[in-house]
Amino acid sequence: MIKQITTSLYDQFVADFELRSILSSSSESTELHELREKAFDQFRRLGFPNTKVEDWKYINLAPFLKHEFITEPEEELLAISEETIAKAKIQKLDCYRVIMINGQYNPGLSDNIPGETIVVSSLSAAMNKPAFTTHFGKYIALDSNHFAALNTAFFRDGLFIEIKTKVIVDKPIHIIHIVSPGNNNNLFLQPRQLFVTGAHSEVSIVESYFSTGDKDQQVFVNNVSEIAVGEQAHLQHYYIQTGNTNTSYIHHTEISQKASSLYNNYKASFPGTALLRNNLNVALDGENIESHLYGLYLAGGKQLIDNHTIVDHLKPNCYSNELYKGVMKDEAVAVFNGKIMVRKDAQKTNAFQKNNNLMLSRKAVVDSKPQLEIFADDVKCSHGSTIGQFNEDALFYLKARGIGEEKAKALLIHAFAYDVTEKIPIPEVQTHINLLIEEGLR
Amino acid sequence: MLSIKNLRASVEGKEILKGLSLEVKAGEIHAIMGPNGSGKSTLAAVLAGNEKYEVTGGEVWLDGKNLLELAPEDRAREGVFLAFQYPVEIPGVSNINFLRTAMNEIRTYRNLPAMESKEFLKMVKEKQKLVEFDAALTNRSLNEGFSGGEKKRNEIFQLAMLDPKLAVLDETDSGLDIDALRIVSKGVNKLRSDKNAFVLITHYQRLLDYIVPDFVHVLYNGQIAKTGTKELALELEEKGYDWLKEESKEKELA
């Protein structure tokens, strides 16, 4: 744990937990209660990670955790203006819109989804559902994930989505997560999501992150999402991460895939958010599974963007492909740590991984660390990582046609990102992300 | 139109052009031939402003503008066009978007309004026809997946679109089969006028069967060693370049 600076925050959580046990007002199940106890024990043991912890070696969290946070905020529904929501919308996207404010589901601002085959509710309202008891808290290794353990001990609420067996959702579900510091306080938020997609179901879930508020008030979001993808189900999952410099995110996503399912993750992160740590773990727990992880990070200012991914091949005959591309401006720092595990049983695995970085500034830093751990002997795996500058030949070619330096560079940046953006299946989302790239380059 | 005086240029500290002089007038076609390593492509790159080459002496003027003082993009805007020997593939930049950006940047430089979409697309169609370049350009990345011949034809198509004063074709004929060569040459012949000029850099005489030059220059050891008419090209085809080496040795001795 980080001594001194974060000791107070650590102590605060210890006190919070004790207080919660005394009050014990919870209507939660014994099972969940026990899970929280277990998670808290892990957090108490682990504390906040410092740079001596291998998975956190490139990031010093101390400056982000030193603030005085309100860790148990009042359950107030913040008023968010239509204008703010409008900013986070995706132009022309026909979708079911879900609004989350400071981690709380806001049914009033969200679209009502008719029928019972697509369930969207607050997490607290779903705790008695079979999908919850079957999947909740079942996939994350709490003994090595400091923040996921903390979240599991303390989360209050969040979002639950269930797509029933064989349901093909007719349009994307667009979740807009807005965080705001509210009444002059620094907030430490710990929202939680559980998405369960039934066998043979198909759905696209687009999640946009957006923050408001001024620089003086900090919001630290420790988010955990668990996603269970059923047999032969298809889930297209998008993260569009924007935010103000007053916001820091630890964003843990744990995916468990069953046989013959498809999970694609498209993640685009933009300048703003001071700290963005994404843990994206996919477990391929069945045969004939396909997973694609596409990432694009455009980092600027003094931003820190850290992507840690684990693709865990547990069973034979699966395919995974990961491509992360980074465009680095100013004094931004990015980390890419991609781990591929191929377990002993996972013969005939195809697993590929690539991370490319384009440096626009001399002061930007990238730490790229691919990791392969292979225990099976009949597999095809590859990984690669590049850090480079503009292709001088391409730049000259464009200039030789009369295109000025600035425009030529912008064209090449879009081209660099294109390997990722072209993969985005929803045209409106693709356009939206291209616009955010343009904005982010200014 | 183009006046090159005693041009010297080096790459990575090695001098390639050693005092090259050349005068090109509007309406003329000049062919530059020469053995490998004589400096042909260096000349093309220096004219277009490639920063990998360092100009160490001499002058280049285009209609009264000091070309060496201009950035590559401004040279293009002033009317210099280089058809690349190896056109670069740029995945993710669409052909159409690239061309449109180039056209509009050039037009802005010349204080002309941006072209309307409709007008632009009409022009694309026309010029594609002119150079018999029927590759689908929309939704395709710049030169990506193009065959060698298609890339070269795309260069000529761009030339047709941008309508430069001075076009420098750097071994546009290399790697082309006879049909493609004929098409490229036909395109150039249609585009030539009394207002523009072409400098053809080539290894082979066969291009000059299709595009008849007014002058043929032999580049050797960074200088123009000999200038003649198209007959010189035939002579080179027959005799090769070895006699040049002899001649230049004799010169040195004398």
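Which residues touch the most other members of the largest nonpolar core? In this predicted model, the core comprises 196 residues, and Leu82(B), Val168(B) and Leu200(B) are the ones with the most contacts to other members. In soluble globular proteins, nonpolar side chains tend to be buried together. The surroundings of Leu82(B) draw on both chains: leaving aside residues up to four places away in sequence, Leu82(B) touches Ala400(A) as well as Ala44(B), Leu47(B), Ala48(B), Val168(B) and Asp170(B).

The overall form of chain A was examined next. Chain A contains nine helices and 20 strands, and its C-alpha atoms fill a box of roughly 70 × 50 × 45 Å along the principal axes. The radius of gyration of chain A is 21 Å, in agreement with the value near 22 Å that a compact globule of 442 residues would have. Of these 442 residues, 51% count as buried. Among contacts in chain A with a separation of 6 or more, 85% are made by residues 24 or more positions apart.

Within chain A, strand β13(A), residues 275-284, is mostly covered, with ten of its ten residues buried. In a regular strand the side chains alternate between the two faces of the sheet. In β13(A), Leu275(A), Arg277(A), Asn279(A), Asn281(A) and Ala283(A) point one way, whereas Leu276(A), Asn278(A), Leu280(A), Val282(A) and Leu284(A) point the other way; all are buried. Strand β13(A) is joined to β11(A), residues 247-257, by ten bridges in the parallel sense, and Ile250(A) stands opposite Arg277(A). Ten bridges also link β13(A) to β15(A), residues 304-313, again with parallel strands; here Asn279(A) faces His308(A).

Chain B includes an open sheet of six strands with mixed pairing, in the order β6-β9-β10-β3-β11-β12. Its edges are formed by β6(B), residues 80-83, and β12(B), residues 223-228, each of which pairs on one side only. Neighbouring strands of this sheet are turned against each other by 20° on average, direction ignored. Within the sheet, β3(B), residues 29-33, and β10(B), residues 197-201, run parallel and are joined by four bridges; Ile201(B) is the bridge partner of Ile32(B). Helix α5(B), residues 148-162, packs on the sheet through contacts with β6(B) and β9(B), and its direction makes about 170° with that of β6(B). Helix α8(B), residues 230-239, lies across β3(B), β11(B) and β12(B), at about 45° to β11(B).

An open sheet of four strands, also in chain B, has the order β2-β1-β4-β5 and antiparallel pairing. Strands β2(B), residues 14-24, and β5(B), residues 65-66, each have a single partner strand, so one side of each is left without a neighbour in the sheet. Strand β4(B), residues 53-62, pairs with β5(B) in the antiparallel sense over two bridges, and Trp61(B) stands opposite Asn66(B).

Between the chains, 17 residues of chain A are in contact with 19 residues of chain B. On the chain A side, the elements that give two or more residues are α7(A), residues 392-399, and α8(A), residues 405-421. Helix α8(A) gives the most, with seven residues. By class, this side of chain A has nine nonpolar, three polar and five charged residues.

Definitions and conventions
Residues are numbered from 1 along each chain as its sequence is written. Chains are lettered from A and ligands numbered from 1 in the order in which they are written. This is a predicted model: local features need pLDDT of at least 70, side-chain atom pairs count only at pLDDT 80 or more; totals for chains, interfaces and linings use all residues. Two strands pair if DSSP finds at least two bridges between them. The radius of gyration is taken over C-alpha atoms; the globule rule is 2.2 Å times the number of residues to the power 0.38. A residue is buried if 20 or more other C-beta atoms lie within 10 Å of its own, exposed if 12 or fewer, and partly exposed in between; C-beta atoms are placed from the backbone. Two residues are in contact if their C-beta atoms, placed from the backbone, lie within 7 Å. A nonpolar core is a set of buried Ala, Val, Leu, Ile, Met, Phe, Trp, Tyr and Cys residues joined through C-beta atoms within 7 Å. Ala, Val, Leu, Ile, Met, Phe, Trp, Tyr, Cys and Pro count as nonpolar, Asp, Glu, Lys and Arg as charged, and the others, Gly among them, as polar. Axes are lines fitted to C-alpha atoms, for helices over the stretch in contact, and angles run from 0 to 180 degrees between N-to-C directions.
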